[in-house]
Amino acid sequence: MFSVFSNFTLDGISLGMLLLICVGIFLGAFMDAIAGGGGIITVPTYLIGLGDLPVYYALGTNKLSSGVGTIFSTARYIRQGYVDWGLFAPAVALALVGSAGGTWLQHHTPDTILKYLLLVILPIMAIITLRTRQWPDEPGELNPTVRRIVVMAAALVLGAYDGYYGPGTGTLLMITLVRLARLDTRHAAGGVKIINLASNWGSLFTALQAGYLLIGVGLVSAVASILGHYLGAGLAIKNGSKIVRPTVIIVLILLTVKVGSELLFPQFWG
């Protein structure tokens with residue numbers, strides 16, 4: 001029986017490596033449900049786990065597991081009443097358009113320019129987050145039309161970023177919705193989940209059409225993603241800004257390190 005398991009492979013991936021992938025996907029999904037940025041963990045996990053396959057397979061398979069997992073964290077926010085459908089329904093469509101376009105662009109252009117731009121933007125966002133001692137538990141005053149425009153623009157632009165590069169999308173959305181759209185932490189997190197869900201699936205369909213996807217590995221690791229998203233969302237709903245703010249700071253630091261290492265050591269990232 002042990003020899004059967006030792007010889008088991010799925011999409012060419014051994015059982016041992018598949019289990020390691022699932023551990024990484026769970027950790028990334030848990031973080032993603034709280035404050036976004038799970039791709040910082042899940043994308044490198046797939047890059048290591050999938051070996052010599054082109055990087056596009058890691059990105060595409062990541063969209064499958066994260067897309068399925070995000071359904072469950074989104075459902076928890078919806079059930080608790082933290083998704084304002086009137087505000088976020090149009091943003092879902094824009095996130096789909098943006099992510100599909102971003103994924104198409106990813107397959108046709110290098111991402112070096114975007115990484116250099118991120119190295120400038122991310123430290124600024126980290127400073128803003130550190131200077132903001134309290135993340136609001138109540139929404140701020142803002143003209144409803146202005147708030148709607150901010151949410152729609154964020155969904156389109158960051159949906160495109162999600163399809164093109166990915167890691168940190170939820171965190172960047174979270175900061176935008178709290179700082180610019182003046183939403184409270186829990187409703188901002190609910191909005192992030194619904195937008196991120198749309199961008200994940202838009203990007204997933206584009207990756208599937210291009211053939212850059214290991215369906216078996218993605219579905220198995222999606223189970224770990226579901227568990228991580230469900231537990232992480234429950235923790236964020238219960239604790240609000242107390243856990244979201246420090247998690248956002250951690251994500252921004254990790255993302256800055258990731259982008260910098262990709263530029264300095266591109267051979268490691270494929």
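Modeller: Let us begin with a term. The axis of a helix is a line fitted to C-alpha atoms over the stretch in contact, and the angle between two axes is taken between their N-to-C directions, from 0 to 180 degrees. The model to which we shall apply this is a predicted one.

Biologist: At what angle do the axes of H8 and H9 cross, and within what distance do they come?

Modeller: The axes of H8 and H9 cross at roughly 135° and come within 9 Å. The handedness of a crossing is a separate property, and for H8 and H9 the crossing is right-handed.

Biologist: How is the pair H7 and H8 to be read, as roughly parallel or roughly antiparallel?

Modeller: The axes of H7 and H8 cross at roughly 165° and come within 10 Å. H7 is therefore roughly antiparallel to H8. The crossing of H7 and H8 is right-handed.

Biologist: At what angle do H4 and H9 pack, and is their crossing left-handed or right-handed?

Modeller: H4 and H9 pack at about 150°, and their axes are 8 Å apart. These two helices are therefore roughly antiparallel to each other. H4 passes H9 in a left-handed crossing.

Biologist: How many helices and strands does the protein chain have, and in what order do the elements run?

Modeller: The secondary structure of the protein chain comes to 11 helices and two strands. Read from the N terminus, the order is α-β-β-α-α-α-α-α-α-α-α-α-α. The chain has 270 residues, of which 54% count as buried.

Biologist: How many residues of H8 are buried?

Modeller: A residue counts as buried when its relative accessible area is under 20%. By that criterion H8 is mostly covered, with 10 of its 11 residues buried. Among them are Thr 169, Gly 170, Leu 172, Met 174, Ile 175 and Val 178.

Biologist: What is the phi of Arg 182, and where does this residue lie?

Modeller: The general idea is that most residues other than glycine have a negative phi. Arg 182 has a positive phi of about 60°, although it is not a glycine. Arg 182 lies in the loop between H8 and H9. With a relative accessible area of 38%, Arg 182 is partly exposed.

Biologist: How far apart are the C-alpha atoms of Phe 26 and Leu 227?

Modeller: The C-alpha atoms of Phe 26 and Leu 227 are separated by 6.8 Å, while the two residues are 201 residues apart along the chain. Phe 26 has its place in helix H2 and counts as partly exposed at 25% relative accessibility. Another such pair is Pro 90 and Ala 155, which are 65 residues apart along the chain and have C-alpha atoms separated by 9.1 Å. Pro 90 is in helix H5, and its relative accessible area of 31% makes this residue partly exposed.

Biologist: How many cavities of 30 Å³ or more does the search find, and what is the volume of the largest cavity?

Modeller: A search of the whole structure finds three cavities of 30 Å³ or more. The largest cavity has a volume of about 220 Å³. Its lining has 26 residues, and those closest to the centre are Asp 32, Gly 38, Gly 39, Asn 62 and Ser 66. The elements that give two or more residues to this lining include H2, H3, H8 and H10. H4 gives the most to the lining of the largest cavity, with six residues. By residue class, this lining has six nonpolar, 17 polar and three charged residues.

Biologist: Which element gives the most to the lining of the second largest cavity?

Modeller: H4 gives the most there, with four residues. H4, H5, H7 and H9 each supply at least two residues of that lining. The second largest cavity has a volume of about 70 Å³. The residues that line it include Tyr 56, Lys 63, His 107, Asp 162 and Ser 203. The lining of the second largest cavity divides into four nonpolar, six polar and two charged residues.

Technical notes:
Residues numbered from 1 in each chain as written. Predicted model: local features only at pLDDT ≥ 70, side-chain atom pairs only at ≥ 80, totals over all residues. Heavy atoms only, no water. 1 Å grid on protein atoms, 1.4 Å probe; cavity = no way out; pocket = protein on both sides within 12 Å on 5 of 7 lines; lining within 4 Å. Points joined across faces, edges and corners; volume = space filled by probe spheres on them. Nonpolar A, V, L, I, M, F, W, Y, C, P; charged D, E, K, R; others polar. Buried < 20%, exposed > 50% of the residue type's maximum accessible area, 1.4 Å probe, protein only. Parallel < 35°, antiparallel > 145°, perpendicular 65-115°, else oblique. Left-handed = near helix turned anticlockwise from the far one by under 90°.
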